[in-house]
Structure formats: C-alpha cells, structure tokens
Amino acid sequence: MAVKVYVVYYSMYGHVAKLADEIKKGVSSVEGAEAKIWQVPETLPEEVLGKMGAPPKLDAPIITPQELAEADGILFGFPTRFGMMAAQMKAFFDATGGLWREQSLAGKPAGIFFSTGTQGGGQETTALTTVTQLTHHGMVFVPVGYTFGAKLFDMEKVQGGSPYGAGTFAADGSRWPSEMELEHAFHQGQYFAGIAKKLKGAA
C-alpha cells in the first residue's frame with residue numbers, strides 16, 4: 001500500500017498555500033507515496049478577514065482532527081504570529097484532545113513548514129514552539145536538516161527556511177516564495193516521504 005502523507009496547512013494570504021503545493025509535488029515524486037492537501041478551519045469571521053485584505057480561501061478540503069489518524073505521516077504548515085504558530089492552527093491542535101487521549105498519532109512522522117514577515121520574525125521560534133504539540137502526541141519530528149545542501153548557506157539573497165523545515169518571508173505580504181524557497185519545499189516533501197516510507201516499511 002502507498003504511504004499516505006497529509007499536508008495540513010493554514011494560510012491567510014496564500015504564502016503557506018504556495019509552499020504546501022510544492023511540498024505535495026515533492027511527496028508525490030517518491031514512488032509508493034501519495035499526498036493530500038488539507039486546510040484547517042478558519043476561526044475569523046468573513047467580515048474581519050475582509051478588513052484584513054485576506055483573499056478567498058483555496059479549494060483544499062477542510063480537515064477534522066479525527067482525519068489526521070488516517071495518515072501515515074503529516075506535514076503541518078502555517079504563518080507565524082509573534083514567533084509562534086497562527087491561532088487558527090493552534091485552535092486546530094487544541095481540538096485534537098481525543099487523538100491525544102488515545103495516542104492515535106503516536107509514532108507517526110511529522111514535519112513543519114512556515115512563513116514569517118521578517119528575518120527575525122520566527123523562522124526558528126515558530127518551529128521550536130510547534131515541537132511541543134508533536135511531542136505530546138508522541139509523533140516523530142522529522143526536520144529536513146541540511147539535506148537540501150549548499151543552497152541553505154547562500155548569503156547573497158534573503159531566503160526563508162531552516163533545518164527545521166521549508167519557509168518563506170512574506171514581508172508586508174507583497175513578497176512571494178522565491179524559486180529557492182519553493183525548491184526547498186519540494187525537497188522537504190520528497191525527503192519526508194522517503195522517511196515515512198521507511199518507517200511504514202519497518203512497521
């Protein structure tokens with residue numbers, strides 16, 4: 001059976017959704033792996049989103065906490081808010097108490113990807129504070145490390161991402177993921193799928 005990887009994200013302005021698409025492509029490039037993209041529920045009213053200038057949501061299906069248990073591995077993506085995951089993703093994690101009680105996600109590999117507004121806006125703290133959520137569920141955190149190679153050391157251009165996972169800088173919202181950031185996202189999906197495949201095979 002194919003390894004089932006869920007790419008679960010929250011994206012207000014579309015930057016994280018763009019990374020999610022590339023991650024899905026990376027997962028799907030691995031023989032024996034299949035990816036499905038999901039969004040977590042929005043918690044803000046349409047009126048508030050309109051005032052914030054948020055575009056309409058993409059057509060990815062909305063996931064429920066219980067559906068996480070169907071996956072062999074999960075990659076979570078979200079923008080940062082003050083150095084932590086956005087409240088919409090935190091609210092989703094807060095709704096996984098039933099899964100936690102049964103430890104339904106224990107042993108499943110998990111990875112993360114993210115978007116921040118600035119270089120000091122949480123490319124590492126957002127990842128670090130997310131690991132606590134995975135830990136309580138007993139999930140196996142799979143960072144991408146430096147498997148992406150020399151491009152992570154490029155100091156000539158501004159670039160998001162880190163050993164924790166793929167990332168981008170949105171600035172005031174006008175900056176979109178660069179070619180290198182999208183390549184990093186593709187690589188993360190590919191790398192993660194390979195690990196998930198090995199873990200499922202070993203089980």
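Biologist: How far apart are aspartate 94 and lysine 90 in helix H3?
Modeller: Aspartate 94 and lysine 90 are four residues apart in helix H3, so about one helical turn separates them. Helices (DSSP runs of H or I with at least four residues) and strands (runs of E with at least two) are numbered from the N terminus. An α-helix has 3.6 residues a turn, so residues three or four places apart point the same way.

Biologist: What kind of model is this?
Modeller: This is a predicted model, in which local features need a pLDDT of at least 70 and side-chain atom pairs count only at pLDDT 80 or more, while totals for chains, interfaces and linings use all residues. Residues are numbered from 1 along each chain as its sequence is written, and side-chain values use heavy atoms, with hydrogens and water left out.

Biologist: Back to that pair, what do the side chains of aspartate 94 and lysine 90 form where they meet?
Modeller: They meet in a salt bridge, at 2.6 Å from N to O; the term stands for a side-chain nitrogen of Lys or Arg within 4 Å of a carboxyl oxygen of Asp or Glu. Aspartate 94 is exposed, with a relative accessible area of 52%, whereas lysine 90 is partly exposed at 30%. Here buried means under 20% relative accessible area, exposed means over 50% and partly exposed lies in between, with a 1.4 Å probe and protein chains only.

Biologist: How many salt bridges does the whole structure have?
Modeller: A search of the whole structure finds seven. One of them joins glutamate 42 to lysine 57, with the closest N and O atoms 2.9 Å apart. Glutamate 42 sits in the loop between E2 and helix H2 (46-51) and lysine 57 in the loop between H2 and E3, so the pair ties together parts that are 15 residues apart in sequence. Both are partly exposed, glutamate 42 at 24% relative accessibility and lysine 57 at 34%.

Biologist: And which residue does lysine 151 meet in a salt bridge?
Modeller: Lysine 151 meets glutamate 183, at 2.3 Å from N to O. This pair links distant parts of the chain, since lysine 151 is in the loop between strand E6 (140-141) and E7 and glutamate 183 is in helix H6, 32 residues apart. Lysine 151 is partly exposed, with a relative accessible area of 39%, and glutamate 183 is also partly exposed, at 28%.

Biologist: How many residues does helix H6 have, and how far does it reach?
Modeller: Helix H6 covers residues 179-202, which makes 24 residues, and it reaches 35 Å from its first C-alpha to its last, close to the 34 Å expected. The expected span is 1.5 Å times one less than the number of residues.

Biologist: What do the buried residues of H6 pack against?
Modeller: Their partners are helix H1 (15-28) and the strands E1 (3-9), E2 (33-39), E3 (73-81), E5 (109-116) and E7 (167-169), where a contact means heavy atoms within 4.5 Å. Among the buried residues of H6 are Met180, Leu182, His187 and Phe192.

Biologist: Last one, what is phi for phenylalanine 82?
Modeller: Phenylalanine 82 has a positive phi of about 55°, although it is not a glycine. Most residues other than glycine have a negative phi. Phenylalanine 82 lies in the loop between E3 and strand E4 (84-85), and it is exposed, with a relative accessible area of 88%. Glutamine 103, in the loop between helix H4 (97-102) and E5, also has a positive phi, near 50°, but it is partly exposed, at 34%.
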